[in-house]
Amino acid sequence: MSLIYFYDATELDKEQLTNALRETDHHWEYVPDKIDISNLNPDTEVISIFVTSTVTREIIEALPRLRLISCRSTGFNNIDLAAAEEHGVTVTNVPTYGDATVAEYAFTLLLALVRKLPLVLRTENEQIGQSQLTGTDLQGKTFGVIGTGHIGQKSLKIANGFSMKTLAYDAFPRLELQDELHFKYAELDELVRSCDIISIHAPYLPSTRHIINRERLQSMKPGAILINTARGELVDTAALIEALDSGHLGGAAIDVVEGESLLSYHEEAALLRSSDIPADLLRHSVEISALQKMPNVIVSPHNAFNTIEAVQRINETAAKNIIDYWYGVTANKVSPPPKQFGKLLLARHAESEWNATGQWTGITDVHLSEKGFHESALFGQALKDLGLPVDIAYCSEQIRTRETLEGMLNASQQFDVDIVTNSALNERDYGEYTGKNKWEMKELLGEEAFNRIRRGWNEPIPGGETLKMVYERVVPFYKETILPLLLQGKNVLIVAHGNSIRALMKYLESISDEDIGGLEMLFGQIIIYDVTPEGLRADSSVTKIDTTPPNA
């Protein structure tokens, strides 16, 4: 009925898949290598791959008759799902094949690490003292699981068998499991701080990339151990190396790592032969080499799945997915995850020296006051507590926004964020009113005129700007520069001024010209927006700081 190509096919795969398909009238071919543009048959209707292969848009478009991609794995992040969907190609996976298989392997790695098995096995040929071989018990240690799917649940059962205390985190917790498996759910940061051993069993999604990042690695208990048998992209490898090299972590056992294809000699050799080596692959190659040299690290080549029984279940399910597809059944179909937009974070600069004296500052360059610097640090702590990594930050040309932004990023320990200055975010130009005391002007102008100037939509200022004029530079900048970043999934922080933020909020929240006067300035708050594809507010939340002076 169809022409099938099985890539990454081992001798065991060939035997098991042939047995599974023997009674069908499909025709199939086996390719021991991973899929590549050079080893395609354009008549292929079904391809089946292991995690060592990557199916790109280019490959999908080079197979005009392709109808099905049958993954011989649970994970499918090696498939361009968007391209598959665009070309009407169905993708299936193996939802579960070896709960015990992977969980047992995770504990194999853990036991080898805590009892220093690699070093023990070298004692026959090397003079290694008994004190160097001293390990640690598992009993009584706190074991944390990230991801309570089938494998995570099995890991918790095994941990119970070792008389360990158990915690777990899951983005979608199943509370009924707590009593059944004798563990407690915790927030991720609490789990990271509390556990002696953390084992990762979560899926890789855009939202889980580097779920174990530099900040979380640094907040782990001194001497703690990290086990990863899930996906390499879940851990920031460079940050992991730093935490191990500094002695903060006691060890790591990893079956998966970023750029793990480079664990193969042939892949390394191909990389060296390349005239144009991608920077990320070169970095991953160096990282893997460093990990392999560390005495407190075990690196294995994505082997947790690899038992006769588990491979049999994988191949039987993959073959069944192919057979069922031709009868209109796609029980294990996978689809692109809903696109994750980034978060927009807005904060007004902290108190400036002229704010403290009640002067209209406008575009005049004025530094933060002592209270303002204190507030910027509080903003940073609030940002850290939000747990939202900032991908890029913007501020105006005025120094007070830059000082606030730098204080926030430093206090939140986000030192590598790019800061971009743009005049579109500048404060409203107060013209002839610049430097004048607001409250004296209120007496001079009268309360009604004063409020129109401060809050109104199109109230003129001699030699200055109306809020409408601010809106006309802020909103185009937001649509052309900020919104595309949000739609790419990046979190963007903007630190600006009361009026430039009010102008942006007018657009975000669809506030009318008449009602904009009721929108107060943003004091001591960070607003976090989820936006629609048009850049309008879908949802929002607010976090506040204490703006009381430190010595008050």
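Biologist: Which residues touch the most other members in the largest nonpolar core?

Modeller: First, the general idea. A nonpolar core is a set of buried Ala, Val, Leu, Ile, Met, Phe, Trp, Tyr and Cys residues joined through side-chain atoms within 4.5 Å. Buried means under 20% relative accessible area, exposed means over 50%, and partly exposed is in between (1.4 Å probe, protein chains only). Here the largest core has 36 residues, and L110, F143 and I197 touch the most other members.

Biologist: What kind of model is this?

Modeller: This is a predicted model, where local features need pLDDT of at least 70, side-chain atom pairs count only at pLDDT 80 or more, and totals for chains, interfaces and linings use all residues. Residues are numbered from 1 along each chain as its sequence is written, and side-chain values use heavy atoms, with hydrogens and water left out.

Biologist: What is L110 in contact with?

Modeller: Contact means heavy atoms within 4.5 Å. Leave aside neighbours within four places in sequence, and L110 is in contact with L138, F143, I197, I225 and I227.

Biologist: Now the rings. How many aromatic pairs does a search of the whole structure find?

Modeller: Rings of Phe, Tyr and Trp (its six-membered ring) pair if their centres lie within 6.5 Å; planes under 30 degrees apart count as stacked, over 60 as edge-to-face and the rest as tilted. The search finds 14 pairs. F183 and Y185 form an edge-to-face pair, 5.0 Å centre to centre with 80 degrees between the planes. F183 counts as buried because its relative accessibility is 5%. Y185 is buried too, at 17%. Y394 and F477 also pair edge-to-face, at 5.7 Å centre to centre and 75 degrees between the planes. Y394 lies in strand 15 (residues 392-395) and F477 in helix 19 (residues 467-487), so this pair ties together parts 83 residues apart in sequence. Both Y394 and F477 are buried.

Biologist: Which residues form one aromatic cluster?

Modeller: W360, Y430, Y433, W439 and F450 do.

Biologist: Over which rings does the charged end of K506 sit?

Modeller: A charge sits over a ring if NZ of Lys or CZ of Arg is within 6 Å of the ring centre and within 35 degrees of the ring normal. The charged end of K506 sits over W457, 4.3 Å from the ring centre. The charged end of K506 also sits over the ring of Y471, 5.3 Å from its centre.

Biologist: How many salt bridges are there?

Modeller: Side chains of opposite charge can pair when their charged atoms come close. A salt bridge is a side-chain nitrogen of Lys or Arg within 4 Å of a carboxyl oxygen of Asp or Glu. The count comes to 19. One of them joins D189 and R216 at 2.7 Å, N to O. D189 lies in helix 8 (residues 188-194) and R216 in helix 9 (residues 214-219), so the pair ties together parts 27 residues apart in sequence. D189 is partly exposed, at 30% relative accessible area, and R216 is buried, at 16%.

Biologist: Where do E406 and R402 lie?

Modeller: Both lie in helix 16 (residues 399-411), four residues apart, about one turn of the helix. E406 is partly exposed, at 33% relative accessible area. R402 is partly exposed, at 29%. Elsewhere, R57, E61 and E86 are linked in a network of salt bridges.

Biologist: Last, two serines. Is S510 buried or exposed?

Modeller: S510 counts as exposed, because its relative accessibility is 56%. S510 is found in the loop between helix 20 (498-508) and strand 18 (525-531). By contrast, S48 is buried, with a relative accessible area of 0%. S48 has its place in strand 3 (residues 46-49).
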